[in-house]
Amino acid sequence: MTKPPSPRPLSIKVIAILYFVGVPGSILMTALAKQGVIFGVTVHGWVGMLSGLCLAGLTLYLGFGLWRLQEMARKIAIWCSVYTLANL
């Protein structure tokens, strides 16, 4: 008896797991550095910490959204990836 194919492609699983792995790193860097980057500008203090926590929240949402195959999470993940690549 063969196993039915998964409705979730392997590439989506890998990307979702990478987003999950990024959440603790975002929180740790926010706690240690107490700074963040908003549109290329480094901010310090509570604004930097808030931006880092927002990034961690977005990363967590994208991980769960991709894992659940949500269309909006897919679109936001594509936008975030393109934005990140454009800022390298």
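H2 brings the largest share, three residues. The patch covers about 800 Å² and is built from Ile38, Phe39, Trp46, Val47, Leu50, Trp79 and Tyr83. Members of such a patch have over 30% relative accessible area and no salt bridge, with nonpolar side chains joined within 5 Å; a salt bridge puts a Lys or Arg side-chain nitrogen within 4 Å of an Asp or Glu carboxyl oxygen. Areas follow the Shrake-Rupley method with a 1.4 Å probe.

This is a predicted model, where local features need pLDDT of at least 70 and side-chain atom pairs pLDDT 80 or more, while totals for chains, interfaces and linings use all residues. Residues are numbered from 1 along each chain, and side-chain values use heavy atoms, without hydrogens and water.

## Aromatic pairs

The whole structure holds two aromatic pairs (ring centres within 6.5 Å; stacked under 30 degrees, edge-to-face over 60, tilted for the rest).

Trp79 and Tyr83 are stacked, at 5.4 Å and 10 degrees. They are four residues apart in H3, about one helical turn. Trp79 is exposed at 53%, whereas Tyr83 is partly exposed at 32% (buried is under 20%, exposed over 50%, partly exposed in between).

Key:
Patch = residues over 30% accessible without salt bridge, like charges linked within 9 Å, V, L, I, M, F, W, Y side chains within 5 Å. Helix = DSSP H or I, 4+ residues; strand = E, 2+ residues; numbered from the N terminus. Phe/Tyr/Trp six-rings, centres within 6.5 Å; stacked < 30°, edge-to-face > 60°. Buried < 20%, exposed > 50% of the residue type's maximum accessible area, 1.4 Å probe, protein only.
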